[in-house]
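Please read the report below alongside the sequence and the structure.

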Amino acid sequence: MIVLGIILLVIGFLTGIGILWTIGIVLAVLGAILWVLGSLGHAVGGRRHYW
């Protein structure tokens with residue numbers, strides 16, 4: 001999700017499309033939050049383990 005957000009940020013910046021820029025920021029921030037919560041050991045999406 002973070003990678004997709006960064007890709008959309010770059011595409012939105014290069015093409016000047018504001019909605020891609022906004023969606024990219026939201027995806028990057030949301031991905032970072034989920035990554036931090038997962039690394040702290042919290043259940044993300046109702047799952048405690050990946051297996």
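The sections below cover the basis of the model, its fold, its surface and some selected residues.

## Basis of the model

This is a predicted model, in which local features need pLDDT of at least 70 and side-chain atom pairs count only at pLDDT 80 or more, while totals for chains, interfaces and linings use all residues. Residues are numbered from 1 along each chain as its sequence is written, and side-chain values use heavy atoms, with hydrogens and water left out.

## Fold

The protein has two helices and zero strands. Helices (H or I, at least four residues) and strands (E, at least two) are DSSP runs, numbered from the N terminus. Helix 1 covers 2-15 and helix 2 covers 18-39.

The axes of the two helices come within 7 Å and cross at roughly 160 degrees. Axes are lines fitted to C-alpha atoms, for helices over the stretch in contact, and angles run from 0 to 180 degrees between N-to-C directions. Helix 1 and helix 2 are therefore roughly antiparallel to each other; angles under 35 degrees count as roughly parallel, over 145 as roughly antiparallel, 65 to 115 as roughly perpendicular and the rest as oblique. The crossing of helix 1 and helix 2 is left-handed, a term used if the near helix is turned anticlockwise from the far one by less than a right angle.

## Surface and burial

The accessible surface of the protein comes to about 4,200 Å², and 75% of that belongs to carbon and sulfur atoms. Accessible areas come from the Shrake-Rupley method with a 1.4 Å probe; for residues, only the protein chains shown count as cover. Of the 51 residues, 16% count as buried. Buried means under 20% relative accessible area, exposed over 50%, and partly exposed in between (1.4 Å probe, protein chains only).

## Nonpolar patch

A nonpolar patch on the surface has about 1,100 Å² of accessible area together, and its members include Met-1, Val-10, Phe-13, Trp-21 and Leu-30. Patches are made of residues with over 30% relative accessible area and no salt bridge, with like charges joined within 9 Å and nonpolar side chains (Val, Leu, Ile, Met, Phe, Trp, Tyr) within 5 Å. A salt bridge is a side-chain nitrogen of Lys or Arg within 4 Å of a carboxyl oxygen of Asp or Glu.

Helix 1 and helix 2 each supply at least two residues of the patch. Helix 2 gives the most, with seven residues. Leu-30, in helix 2, is partly exposed at a relative accessible area of 40%. Val-10 lies in helix 1 and is partly exposed at 43%. Met-1 sits in the segment before helix 1 and is partly exposed at 48%.

## Selected C-alpha separations

For Leu-4 and Ala-28, 24 residues apart along the chain, the C-alpha separation is 7.5 Å. Leu-4 is in helix 1 and is partly exposed, with a relative accessible area of 47%.

Val-10 and Trp-21 are eleven residues apart along the chain, and their C-alpha atoms are separated by 7.7 Å. Ile-19 and Leu-8 are eleven residues apart along the chain, with a C-alpha separation of 9.4 Å. Ile-19 is in helix 2 and is exposed, with a relative accessible area of 54%.
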